[in-house]
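Biologist: Could you take me through this model step by step, giving the general idea before each case?

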Amino acid sequence: MTAAPRDVFDKIELFFKDPHVPTDVPGDFSTLYLLRKDAWKCYGCDPSNGSATTLVLFPGAMTVFCGIDLLAKFYESDAGKVGDRFKNYVRKFFPSGSDPVVDIPTHIWGLRNSLMHSFGMRDRKKAAGEVCYGIKADQLSLDDLVVELKKDEWYVVDVLMLHAEFEASIEEFKKHILRTPGLHSQFCDMW
C-alpha cells in the first residue's frame, strides 16, 4: 500500500487522477477515479486498455449524475440544498452550463431526479407542472448543447454530450481548486 497523501496538492492530484491511468490494487485511488472508470465503460470505452465496451446509457447517465453530486459537494461542501449545489456546479463548470436560451442546470437536475428517483422521464416536482424529458446519443462536438427544447413541450438531453461536458467540467474544477487557496481547506474537509 502506498503512503497517504501528505498535503492538499497530493490529495487534489489523487482525487482528480485520470481514469485512463492504471492504478495498482491494492493502492490509493479516489471515489471520483473509480466513478469515472465506470462511466467510461458505460459510454463505450474501457479506460484501462482503450478497448470498446457495450454502450449502457441509462447507467452511464446515472453515474455521471452521481459524479456531479460528488463534485458539487467538494465545490460547496455539504451545506445547503443538494439541488442548488448540483445546479451551481453545472452552471459554473459545464461548458454549456450558462447557456442563456435553455436553463441547462435545471434540466440536467430534472432528468437526474427523473432517472434516479422515478426511473422514468418525467419530472413531476416542478411547481409549474410536469416536465418531460427524452434522451439521445448523437454528440457531434462540444459546440452542441447538452439539452435542447423540442416543440416547446419536452427537453432532450444528449447523454454523450452529458458525459463529455462532465469530463470537461472536471478539468475546469481542478484548475479552479488549484488556483483558489480558499478552497484548499474545504477540499481537505470533504476529503
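**Rings, core and a helix**

Modeller: Lysine 17 lies over the face of tyrosine 33, at 5.5 Å from the ring centre; a charge sits over a ring if NZ of Lys or CZ of Arg is within 6 Å of the ring centre and within 35 degrees of the ring normal. This is a predicted model, in which local features need pLDDT of at least 70 and side-chain atom pairs count only at pLDDT 80 or more, while totals for chains, interfaces and linings use all residues. Residues are numbered from 1 along each chain as its sequence is written, and side-chain values use heavy atoms, with hydrogens and water left out.

Biologist: How many aromatic pairs does the structure hold?

Modeller: A pair of aromatic rings is described by the distance of the centres and the angle of the planes. Rings of Phe, Tyr and Trp (its six-membered ring) pair if their centres lie within 6.5 Å, and planes under 30 degrees apart count as stacked, over 60 as edge-to-face and the rest as tilted. The structure holds 14 such pairs. Phenylalanine 16 and phenylalanine 187 form a stacked one, 6.4 Å centre to centre with 20° between the planes. Phenylalanine 16 lies in the loop between α1 and α2 and phenylalanine 187 in helix α7 (residues 184–190), so the pair ties together parts 171 residues apart in sequence; helices are DSSP runs (H or I, at least four residues), numbered from the N terminus.

Biologist: Is phenylalanine 16 buried or exposed?

Modeller: Buried means under 20% relative accessible area, exposed over 50%, and partly exposed in between (1.4 Å probe, protein chains only). At 3% relative accessibility, phenylalanine 16 counts as buried, and phenylalanine 187 is buried at 0%.

Technical notes. Helices (H or I, at least four residues) and strands (E, at least two) are DSSP runs, numbered from the N terminus.
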